[in-house]
Amino acid sequence: MLLIGLTGGIGSGKSTVAGLFARLGAGVVDTDLLARELTGPGTPVLARIVGEFGTEILSPDASLNRSRLRKRVFADPAARARLESLLHPPIRELMLERAATLSSPYAILVIPLLFETGQDVLVDRVLVVDCPEQVQLERVHQRSGLPGDEIARIMGSQIPRAERLSRADDVIDNQGDPEALPPQVERLHGAYLALAESRA
């Protein structure tokens, strides 16, 4: 199956774009959703995270307090590296398992840290959803209420926008009107179907 790695900075609109591809019939595997699945209450991955960071990263209902954990790891690069070593291997394994069950001609793998984790080697093409950094900041703040300095730290943990764009095979511009997205997705959907058919 043709595998498309969809990535972009925080707040760029990756989930929105993935949803548009799904509506056109593409198979979609979103690693953010897999991460939530793998870190649910009682899961082995959550147990390992608690073993590393302590019970203070849990909410009263024993679920992962993502806000508390995020503040901790983005203030400490070594802590973030330890968390990623616990999370990324099982997410990658589950992502590939789910992709293998799809019957669509191509699959969109939504991987926010595609380049940072070296997973671009797993895909046939890289699709970057792009917008200016100021737009990212504004969208994330409106969506989550996170303070600007925390958003900036998250953005700083991702590769620079210019490098991400330079390594893209395809780019969707999401800096403006949401109505501009569907035509871009439809054009790429047609291109990916043709590419998948040519490889069959």
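**Helix contacts and salt bridges, term by term**

Modeller: In helix 6, E133, Q136, L137, V140 and H141 meet G148, I151, A152 and M155 of helix 7. This is a predicted model, where local features need pLDDT of at least 70 and side-chain atom pairs pLDDT 80 or more, while totals for chains, interfaces and linings use all residues. Residues are numbered from 1 along each chain as its sequence is written, and side-chain values use heavy atoms, without hydrogens or water.

Biologist: What makes these residues "meet", and what kinds are they?

Modeller: Contact means heavy atoms within 4.5 Å.

Biologist: Why is helix 6 called oblique to helix 7?

Modeller: Their axes come within 10 Å and cross at roughly 125°. Axes are lines fitted to C-alpha atoms, for helices over the stretch in contact, with angles from 0 to 180 degrees between N-to-C directions. Under 35 degrees is roughly parallel, over 145 roughly antiparallel, 65 to 115 roughly perpendicular, and the rest oblique. The angle falls in the rest, so helix 6 is oblique to helix 7.

Biologist: How do you know that R98 and E37 form a salt bridge?

Modeller: The rule asks for a side-chain nitrogen of Lys or Arg within 4 Å of a carboxyl oxygen of Asp or Glu. Here the closest N and O atoms are 2.6 Å apart, so the pair qualifies. R98 lies in helix 5 and E37 in helix 2, so the bridge ties together parts 61 residues apart in sequence. Helices (H or I, at least four residues) and strands (E, at least two) are DSSP runs, numbered from the N terminus.

Biologist: Why is R98 called partly exposed?

Modeller: Buried means under 20% relative accessible area, exposed over 50%, partly exposed in between (1.4 Å probe, protein chains only). R98 has 32%, so it is partly exposed. E37, at 42%, is also partly exposed.
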